[in-house]
Amino acid sequence: MNPELRPRLPCPFEKMHPSQLLRDDTFYMWQAYNLALDAWRQDEVPVGAIIERGGEIIGAAHNQRDSTRDPTAHAEILALGQAAKAIGDWRLNEATLYVTKEPCPMCSGATLMARLKRVVYAMPDPKMGCLGGATDLNSLPQSNHHLLVTRGVLEAECRTLLQAYFKLKRTED
Ligand SMILES: [Zn+2]
């Protein structure tokens, strides 16, 4: 079917608006979650990513693989590109990535190559996650850059979202 004519999967989830006063990991993860909802509404697998540096959001993106037909258009890659552009440096060593699902091999590699300070992810991915789920690129013994990794922030919410999406997708196919 022509993708333009295909009815979109209805998204039953609402965006969350946490207080701006407490800017903790949960706050930033909700922003990533909201971007994942935007992805769903554009018929993309719902994954969202935020890059924070010094309390400021310098990158915010969701998965756009299908709309761009680009296999590298994952939320993390797009957000990292925005962040580097925003600060005029590819070294993001003061920045933290928040993402709703554990990064894949490509995106885990990119977080290391960008020399990020920290990665926070919601749900682990035992199949393709490369920051502890399937394997851990952050523990390469010869590497001299290591990330701080925090797992499980809003894990249940982000898992519910992704599972609901794939369940609907399956019944549609
Ligand atoms: Zn990825």
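The chain contains five helices and five strands, where helices (H or I, at least four residues) and strands (E, at least two) are DSSP runs numbered from the N terminus. Read along the sequence, these elements follow the pattern α-β-β-α-α-β-α-β-β-α. The model is a predicted one, in which local features need pLDDT of at least 70 and side-chain atom pairs count only at pLDDT 80 or more, whereas totals for chains, interfaces and linings use all residues. Residues are numbered from 1 along each chain as its sequence is written.

Of the 173 residues, 36% count as buried, a residue being buried if 20 or more other C-beta atoms lie within 10 Å of its own, exposed if 12 or fewer, and partly exposed in between, with C-beta atoms placed from the backbone. Two residues are taken to be in contact if their C-beta atoms, placed from the backbone, lie within 7 Å, and among the contacts with a separation of 6 or more, 54% are accounted for by residues 24 or more positions apart.

The five strands form an open sheet in the order 2-1-3-4-5, with mixed pairing; two strands pair if DSSP finds at least two bridges between them. Strand 2 and strand 5 (148–151) stand at the edges with a single partner strand each, so that one side of each is left without a neighbour in the sheet. From one strand to the next the twist averages 15°, angles here running from 0 to 180 degrees between N-to-C directions, with axes being lines fitted to C-alpha atoms, for helices over the stretch in contact. Strand 1 pairs with strand 2 in the antiparallel sense over six bridges, and I51 has G59 of strand 2 as its bridge partner. Strand 1 also pairs with strand 3 in the antiparallel sense, over five bridges, R53 being bridged to A95 of strand 3. By contrast, strand 3 and strand 4 pair in the parallel sense over five bridges, and the partner of L97 is V119 in strand 4.

Helix 3 lies across strand 1, strand 2 and strand 3, and runs at about 145° to strand 2. Helix 5 packs on the sheet by touching strand 3 and strand 4, its direction making about 60° with that of strand 4. In helix 4, the residues C107, S108, A110 and T111 are buried; they cover an arc of only 160° around the axis, which puts them on the same side of helix 4, the arc being that of the directions from the helix axis to the C-beta atoms. The cover over these buried residues of helix 4 includes helix 3, strand 3 and strand 4.

A nonpolar core is defined as a set of buried Ala, Val, Leu, Ile, Met, Phe, Trp, Tyr and Cys residues joined through C-beta atoms within 7 Å. The largest such core comprises 44 residues, of which M29, A32, A49, A79, L97 and Y98 touch the most other members. Elements that give two or more residues to this core include helix 1 (25–41), helix 3 (75–87), strand 3 (95–101) and helix 5 (155–172), and the largest share, nine residues, comes from helix 1. When neighbours within four places in sequence are left aside, A79 is in contact with A49, I50, I51, G59, A60, A61 and L97. Strand 3 is mostly covered, with six of its seven residues buried. V99 lies in strand 3 and counts as buried because it has 30 C-beta neighbours inside 10 Å. Residues up to four places away in sequence not being counted, V99 touches A32, V47, A49, A75, E76 and Y121.

D43, in the loop between helix 1 and strand 1, has a positive phi of about 65° although it is not a glycine. R115, located in the loop between helix 4 and strand 4, likewise has a positive phi, near 55°. Most residues other than glycine have a negative phi. D43 is partly exposed, with 16 other C-beta atoms within 10 Å, and R115 is also partly exposed, with 16 other C-beta atoms within 10 Å.
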